[in-house]
Amino acid sequence: MKATQQLHEMGQSLWLDNITRGLLTSGTLAHYIQEFSVTGLTSNPTIFDHAIKNSHDYDDAISQKLKEGKSGEALFFELAIEDLTRAADLFLPIHKATNGVDGWVSLEVSPKLAYDTKSTIAAARELHARANRPNLFIKIPGTREGLGAIEESIFAGVAVNVTLLFSCAQYVAAAEAYLRGIERRVAKGLNPNVGSVASLFVSRWDVAVADKAPASLKDQLGIAVAKRTYKAYRELIASDRSLRLLNAGARAQRMLWASTGTKDPKSSDILYVKSLAAPYSVNTMPEKTLQALADHGDLGTTMPPDGGDAEQVLARFAKAGINLDALAAQLQREGAESFDKSWDDLLACIAQKSTQLKS
């Protein structure tokens, strides 16, 4: 049995952190579903930028949309929705078989809205309506301004993938925003079964402290933060507050591990996959990581629900002079800036392609 299948049967969903038109048309995504137990996928501006820039797969579609008078951001969202609705349809049997727990794809609002609550709410509703798929998440960043957008979107019945979470405190704030949205639906007599995942970015912690922490703590910070967060997650979904909502017909928001590709070539290429194996959670991984797991993965043990040695490891980083709260805020800010830059690069790529195709 492949490690990918073992992970799936252990109770964790494997999602692909990639989307390209080539993956869809070549049958590669269908192959991953069949052979590697992939049950969903995520996307972001960087992924689409690379997909459009590094292939001619989108040229015909861009040419057609230019003839229709589309350009820039509007043109991009049409391309993205075309890809993601096709992917959503591939995952729809899984979505139905799991009664809506799994089989999701994700589309992100413009990163330019990361600190604009009102505009994020409007964009989330519009994209959700345009995609018109029961298994499509709208990605909203878990920034301070994003929290209000998460609550309002959930209340409006828009399924949300909360992105750019880096710490336990950021996760809890996002999870509580989700709960508030569901509680408001229950109070209004609305169906409280609105899907959501909360995405914690893991490997960027270790990149950030690679030249600051002692060698003995190499590649341990992201995993320790994830363990601390997993403990909070397990406690929250077992709390009286959550159980009351489950009794009303709601579904618990799932924990999702993001940024799980190993950045250090000297470390195991499935380091974060093995360390983050946990039931009722999602690991969204790059293609290389997925293939490596299927090829030579050995899962080992699952994450301890009580956080295991997380606090001891985090205390060692604090003793080494790492301010975890400040670093979490920095990573979230840098993550938003990175997506913002990728968005600019993406629109520049589309503009350049448009010029070439017109000529």
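This is a predicted model: local features need pLDDT of at least 70, side-chain atom pairs count only at pLDDT 80 or more; totals for chains, interfaces and linings use all residues.
**Entry 1**

I looked up Trp257 to start, and leaving aside neighbours within four places in sequence, I found it in contact with Gln12, Leu200, Val202, Ala226, Tyr230, Leu276, Ser281, Val282, Asn283, Thr284 and Met303. Contact here means heavy atoms within 4.5 Å.

Residues are numbered from 1 along each chain as its sequence is written, and side-chain values use heavy atoms, with hydrogens and water left out.

Next I checked the largest nonpolar core, which has 123 residues. Such a core is a set of buried Ala, Val, Leu, Ile, Met, Phe, Trp, Tyr and Cys residues joined through side-chain atoms within 4.5 Å. Trp257 is listed among the residues with the most contacts inside this core, along with Leu41, Ile52, Phe76, Trp205, Leu221 and Leu293. Helix 6 (residues 72-97) gives the most to this core, with eleven residues. Helices (H or I, at least four residues) and strands (E, at least two) are DSSP runs, numbered from the N terminus.

Thr4 sits in helix 1 (residues 3-10). Buried or exposed? I got 0% relative accessibility for Thr4, so it counts as buried; the cut-offs are under 20% relative accessible area for buried, over 50% for exposed and partly exposed in between (1.4 Å probe, protein chains only). Thr4 and Ala294 are 290 residues apart along the chain, yet their C-alpha atoms are separated by 5.5 Å.

I followed that list to Ser37, in the loop between helix 3 (28-36) and strand 2 (38-41). Ser37 is buried too, with a relative accessible area of 14%. Apart from neighbours within four places in sequence, Ser37 is in contact with Thr4, Gln5, His8, Leu14 and Tyr32.

**Entry 1: Pro192**

I found Pro192 in the loop between helix 9 (168-187) and strand 6 (196-201). Pro192 counts as buried, at 6% relative accessibility. What does Pro192 contact, leaving aside its neighbours within four places in sequence? I noted Ile182, Arg185, Val186, Ala248, Gly249, Ala250 and Arg251. For Pro192 and Ala250, 58 residues apart along the chain, the C-alpha atoms are separated by 4.7 Å.

**Entry 2: two helix pairs**

The axes of helix 9 and helix 11 (residues 221-237) come within 9 Å and cross at roughly 25°. Axes are lines fitted to C-alpha atoms, for helices over the stretch in contact, and angles run from 0 to 180 degrees between N-to-C directions. That makes helix 9 roughly parallel to helix 11 (under 35 degrees is roughly parallel, over 145 roughly antiparallel, 65 to 115 roughly perpendicular and the rest oblique). On helix 9, Cys168, Tyr171, Val172, Ala175 and Leu179 meet Arg228, Thr229, Ala232, Tyr233 and Leu236 of helix 11.

Then I compared helix 6 and helix 7 (residues 117-131), whose axes come within 10 Å and cross at roughly 50°. Helix 6 and helix 7 are therefore oblique to each other. Their contact is made by Phe77, Glu78, Ile81 and Thr85 of helix 6 and Leu127, Arg130 and Ala131 of helix 7.
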